[in-house]
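Biologist: I'd like to learn how to read a structure like this one feature by feature. Could we start with a helix?

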Amino acid sequence: MIKSQLFLVQSCRRALAKSAVSKRLVDVNSTQFYGITAALCKHRTKNYWFDLKTQADEHIWVPSSGPNTMASNSRDTECYVGERDCRKVGEKRSCAACHIVVHTACLPILRQLYMKCKITYHEESTVKKQIASSSGLMEESLSGHHWLHKWKQEGRCLRCCKSFQQKIFHDKEVIAITCSWCKRSYHNKVECFSSQCFEKSCDRGDLKEVIVPPTWIQCSNQTQTRKRKKVAKRKKRRLFRIRPVPLNDGTWLPSQPLLVFVNPKSGGNKGSKLLHTFCWLLNPRQVFDITAMKGPEFGLSMFKKVASSLRLLVCGGDGTVGWILSTLDRMNWTKYPPIGIVPLGTGNDLARCLGWGGSFSDEPLAELLNAVIHETSITYLDRWNINVEANLLLSNLRQADEIDKAAQNVLTLTVMNNYYSIGADAHVALQFHHSRSANPQMLNSRLKNRIAYGGLGTIDLFKRTWKLLHEYITLECDGIDLTSKIREFKFHCILFLNITYYAGGTVPWSSDDEERRRPSSCDGKLEVLGFTTATLATLQMGGKGERIAQCSHARITTSKAIPMQVDGEPCLLAPSTIEITFHSQVPMLRREKKSNYMPGNLKKQRKISKQQRSNSSSQAPSTPIGYLLPVLLTNSIEYNANRDNLERLRVAAVEIGKINVEAEAELDVVRQKIEKLITVCSNLNLESNSEWRFLDYVRNAEEGVFRVHRYQEQFMTLSDICCLEECILILNNILVRRMHSDDDSNQIKKNISDHDVCLNDDTLHITFQCDTHETHL
């Protein structure tokens with residue numbers, strides 16, 4: 001009887017601890033006494049930079065789970081204060097910089113344990129005291145490791161080269177110790193991790209060439225006087241400076257300091273996720289939320305002293321790149337740093353032209369940063385001035401009175417980076433701009449934007465709104481009048497193209513020409529093309545535009561208010577004379593078609609690692625150890641939905657059998673065994689298909705699960721991509737479709753019946769729905 005009562009009391013306590021009421025009470029109390037809400041997502045506000053209460057080793061708390069987090073199943077989910085001291089109430093928060101997890105009610109306990117985040121900068125007053133006392137403690141704290149204990153860890157121990165095994169059916173215990181700077185991991189054993197590791201300085205790991213160390217970032221308090229309503233207010237604010245300092249051996253690291261700008265509004269939720277992951281991989285003080293800081297000016301001015309070796313990484317669309325270039329123009333930089341792009345926008349034509357791809361999908365950010373260091377070359381991008389003057393030759397007063405009142409006298413942008421167009425496509429872009437301005441919550445993803453563009457373009461294809469464009473425009477290129485050609489072909493759109501790609505990956509000017517006429521982004525020339533509405537519609541199917549000219553100077557005169565767009569920024573321009581002239585060239589980072597897994601380099605690294613393992617182990621000959629591992633098959637739908645959660649991906653996958661392999665077996669050998677397993681599974685109607693891919697859930701476990709490309713397989717072993725005590729994951733759409741044909745057909749029917757695109761009579765209806773609004777195009 002007593003035991004049953006105790007059991008009921010304990011169960012009631014657990015239920016109360018998990019209830020929403022207790023969580024709200026804990027959050028309120030924590031907010032009142034410890035300011036947790038103010039600290040939550042502080043990196044996304046100006047307080048992270050200007051608030052005097054923010055310390056150099058303060059955590060950046062973000063929700064541990066949710067749509068805007070990079071939550072991975074391999075990351076710790078246990079409260080960092082430990083099983084004994086944890087209160088087990090309140091929501092969990094994760095630090096974006098060091099990845100520790102803690103309940104909101106356990107934050108006071110975390111402070112008592114003096115568990116601080118990695119130091120991101122140093123105070124100017126602290127440096128003066130250090131010089132006066134000649135003490136090396138501050139230098140050790142700035143250049144040392146930042147060790148964390150882990151309950152869950154993927155990969156291998158750097159000392160013994162064995163994998164980390166989590167004890168599932170035993171008490172939870174620390175299995176690994178990891179540095180948040182260099183990402184080195186060791187077993188929680190005296191044989192692997194000793195007190196000597198605390199004495200060594202941290203070299204920042206594989207990304208040491210781009211990580212800005214805290215010794216470079218100096219902070220001082222500055223008093224600013226602001227006059228508001230004739231009352232002067234003095235307020236202290238922080239001033240950050242970059243002062244490069246060499247290492248003890250005289251070397252300068254980083255050799256290529258990287259400044260990262262992230263637009264969290266781009267790419268749906270990808271921007272927010274990338275922001276948190278960059279804080280983990282780099283110094284959070286070199287990662288900027290471009291919307292929270294209201295532009296890139298603060299970050300650029302902070303790093304201006306290292307402009308000669310600085311590199312920029314822009315996470316956003318082509319508009320974000322243009323925003324940064326225009327800010328550099330306004331700040332009068334004498335030398336522009338080269339810019340790399342993580343494509344998160346809708347079109348991403350500039351990113352395609354520079355080899356970064358049309359979208360950011362299946363690549364770990366750690367590998368992308370390594371590509372910025374080793375796989376990029378500097379190229380140049382032409383930029384063009386667009387000067388607009390009113391058309392003084394428009395003497396017909398009746399025509400002047402009929403000018404649209406919505407027409408503007410100036411363009412939205414005066415410097416062009418990608419393209420400038422007049423007519424039909426600008427009309428579609430202007431309609432899309434008005435729709436998104438009216439309902440921004442409806443068009444907040446790349447897919448919805450493309451559907452909206454396609455729908456509006458289809459409507460314009462039948463209406464042919466600008467079929468008489470040739471009557472209201474004259475064109476002159478390099479002093480040659482080409483108006484007759486425009487009137488001969490009766491173009492509905494005129495395009496001035498600076499880069500190879502246009503409209504989300506199309507190539508309107510064929511690249512099969514001889515060298516002197518081949519388009520380039522750094523040849524000092526523009527490609528001028530003409531389109532009808534029909535040829536615009538065929539661009540996505542490989543169509544080309546009608547070539548008009550290649551020129552370095554153009555002059556356009558309009559006699560009617562015509563829609564125009566510069567780099568995707570549309571407007572309706574009143575009758576004007578537009579002159580396009582050369583502005584400047586800026587350096588950009590072009591990503592070469594290379595990989596970290598090139599045969600020469602990787603084979604050398606593998607030979608060295610094998611020699612080190614053999615030297616560290618006993619001289620007795622070792623026999624290979626075999627493992628019987630299940631092979632789990634998943635499809636792309638489950639992969640894209642659960643790539644951040646390994647457990648869900650395993651549950652959704654289908655086991656097709658087991659194979660007996662060695663730990664160091666190369667993936668080419670493992671592939672042959674899986675191919676035989678597929679042919680044996682005749683009862684499942686499976687056929688061998690060489691298009692399936694291995695899934696890696698070990699090397700970049702902090703970010704999620706990633707595909708392994710075919711050219712990488714011959715240079716990798718099985719232990720590099722999976723845990724030898726668990727399973728092998730493979731990805732293949734075709735095989736899974738055969739196994740679930742009935743379920744897929746039912747799902748397809750359900751999707752078609754609930755689709756938001758329909759065609760009635762001659763009108764295309766597109767409907768976007770969310771929880772509270774509905775928009776029709």
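Modeller: Helix 11 covers residues 318-331, and its 14 residues should span 20 Å at 1.5 Å a residue, which agrees with the 20 Å between its end C-alpha atoms. The expected span is 1.5 Å times one less than the number of residues. Helices (H or I, at least four residues) and strands (E, at least two) are DSSP runs, numbered from the N terminus. This is a predicted model, where local features need pLDDT of at least 70, side-chain atom pairs count only at pLDDT 80 or more, and totals for chains, interfaces and linings use all residues. Residues are numbered from 1 along each chain as its sequence is written, and side-chain values use heavy atoms, leaving out hydrogens and water.

Biologist: Which residues of helix 11 are buried?

Modeller: In general, an α-helix has 3.6 residues a turn, so residues three or four places apart point the same way. Here the buried ones are D318, T320, V321, G322, I324, L325, T327, L328 and M331. Buried means under 20% relative accessible area, exposed over 50%, and partly exposed in between (1.4 Å probe, protein chains only). After helix 11 comes N332, with a positive phi near 60°.

Biologist: Which residues have the most contacts inside the largest nonpolar core?

Modeller: A nonpolar core is a set of buried Ala, Val, Leu, Ile, Met, Phe, Trp, Tyr and Cys residues joined through side-chain atoms within 4.5 Å. The largest has 115 residues, and F278 and L282 have the most contacts inside it. Beyond its neighbours within four places in sequence, F278 touches V260, V262, V287, L313, C315, L365 and L369 (contact means heavy atoms within 4.5 Å). A second, separate core of 37 residues includes L629, L646, A665 and V670.

Biologist: How many aromatic pairs are there?

Modeller: A pair of aromatic rings is described by the distance of the centres and the angle of the planes. Rings of Phe, Tyr and Trp (its six-membered ring) pair if their centres lie within 6.5 Å; planes under 30 degrees apart are stacked, over 60 edge-to-face, the rest tilted. The whole structure has 19 such pairs. One of them, Y48 with W49, is edge-to-face, at 5.6 Å centre to centre and 85° between the planes. Both Y48 and W49 are buried.

Biologist: And where does pLDDT stay under 50?

Modeller: pLDDT is the predictor's confidence in each residue, from 0 to 100. Where it is low, the predicted coordinates should not be read in detail. Stretches under 50 include residues 127-138 and residues 735-777. The protein averages 77.
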